[in-house]
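Let's take a walk through this model together. Have the sequence and the 3D view open side by side as you read.

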Amino acid sequence: MPRVTVLMPTYNVAPWVEEAIHSVLRQSYHDFELLVVDDASTDNTLDVVRTIDDPRIRIASFPNNVGLSENLNRGLDIIDTELVARMDGDDIAEPDWLESGIRVLDSHPEVGVCSFGFQFFGTKTSLVRFPEHHEDSKAQMLFGCTVIVPVFRRAVMTDNHLRYSTEAFPAEDYMMWANVYRVTQVYNVQRTLFHYRTHATQISTSRRDAQIVKSNEVRLKMLQWLNPDFTDEEKRYFLDVFVPCKIDSRKDVATLKAFAQLLTDRNTPGNYSDDALRRKFKSHIAYGALDYVEKTYFPTQYTPLALLRLLASGLYPTLPKRNRRKMIAKCLLLKRK
């Protein structure tokens, strides 16, 4: 029996699944099987998978379509290896993805889930890194999911009876990992080991409005873990203003800072690290303030006069340090936007 199962749920990914599978087969770590769980695809996804001749591939196909969450659960139900790695049928893994995750799990028995940095490609391109250490990534879970293409111990799921929630779809990953943070530690490798394809037919694009609604339900779950006694008005402010960091005036920055202090003060001892919350809130507000400053003080050009106006506003110390230095340099050089 291999040590690791790579769980790959598929549904109508025929144009991309061959590339995804080959990225798994070329892993530097070899003791794995690839379990492709097809959710009754109506294109030729299965035909493409079956053309790839490799004994490490196992296919589980079902005649009825149950959706991503239940398809993932079907996969977990038939896996009996010690470790599980999760990726979609339209993404691409770097060759040392599995090896990097397994190295972390073997050297840190307290860690149950290892996640990675990744890069979007396709309709958008950007690089994403989540906080490295558990408490910092848990604080960021108040805003969004911090686990992507993980390698994890199967016992984390089985021992704690964790399942993907159909009701949470299309934010099923966010809900799953929110529950996992309660029972084990998470570590994020600070390297780009995955390439996440973006295209018009994927769930995160086609179901974006529904994903926002369901993600907000998970954010409230994480907020309740911080403290269960927030009022409805505080919850609305958290979702509608604090999470998107809406800033339309200098007063808004002060209000956001006050709310961040309120959250830290109400933190239930032991649920979150106070220091991690402070770090995350400070960074969150800093980048929100940066967007406001760029639009308000430098709409078309960086100038010394605009910089003086910014300094007089009192907002300058709120901005991220590295952006402050860049801003001064641009103003001295009279850079146009």
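M8 is buried, at a relative accessible area of 0%; buried here means under 20%, exposed over 50%, and partly exposed in between (1.4 Å probe, protein chains only). You'll find M8 in strand β1, residues 4-10, where strands (E, at least two residues) and helices (H or I, at least four) are DSSP runs numbered from the N terminus. The C-alpha atoms of M8 and N71 are 9.8 Å apart, though 63 residues separate the two along the chain.

A quick word on ground rules: this is a predicted model, so local features need pLDDT of at least 70, side-chain atom pairs count only at pLDDT 80 or more, and totals for chains, interfaces and linings use all residues. Numbering runs from 1 along each chain as its sequence is written, and side-chain values use heavy atoms, with hydrogens and water left out.

Most residues other than glycine have a negative phi, and most peptide bonds are trans. N12, in the loop between β1 and α1 (17-25), has a positive phi of about 55° without being a glycine. N12 counts as partly exposed, at 24% relative accessibility. V149 also has a positive phi, near 35°, and sits in the loop between α5 (134-140) and β8 (151-153); V149 is buried, with a relative accessible area of 7%. Then look at F169 and P170, which are joined by a cis peptide bond with omega about 10°. P170 belongs to the loop between α6 (154-159) and α7 (172-180).

How many salt bridges does a search of the whole structure find? The count is 17, taking a salt bridge as a side-chain nitrogen of Lys or Arg within 4 Å of a carboxyl oxygen of Asp or Glu. One of them pairs R74 with D39, the closest N and O atoms being 2.8 Å apart. R74 is in helix α3 (residues 68-77) and D39 in the loop between β2 (32-38) and α2 (45-50), so this pair ties together parts 35 residues apart in sequence. Both R74 and D39 are buried.

R279 and D136 make another, with their closest N and O atoms 3.0 Å apart. R279 is partly exposed at 46%, and D136 is partly exposed at 21%. K337 and E294 pair up too, at 3.2 Å between the closest N and O atoms, joining the segment after α14 to helix α12. Here K337 is exposed at 53%, while E294 is buried at 17%.

Of its 17 lining residues, the closest to the centre are K257, R278, F281, K282 and S283. A pocket is an open set of points on a 1 Å grid over the protein atoms alone, where a 1.4 Å probe fits and protein lies on both sides within 12 Å along at least five of seven lines; lining residues have an atom within 4 Å of a point. The largest share of the lining, 7 residues, comes from α12.
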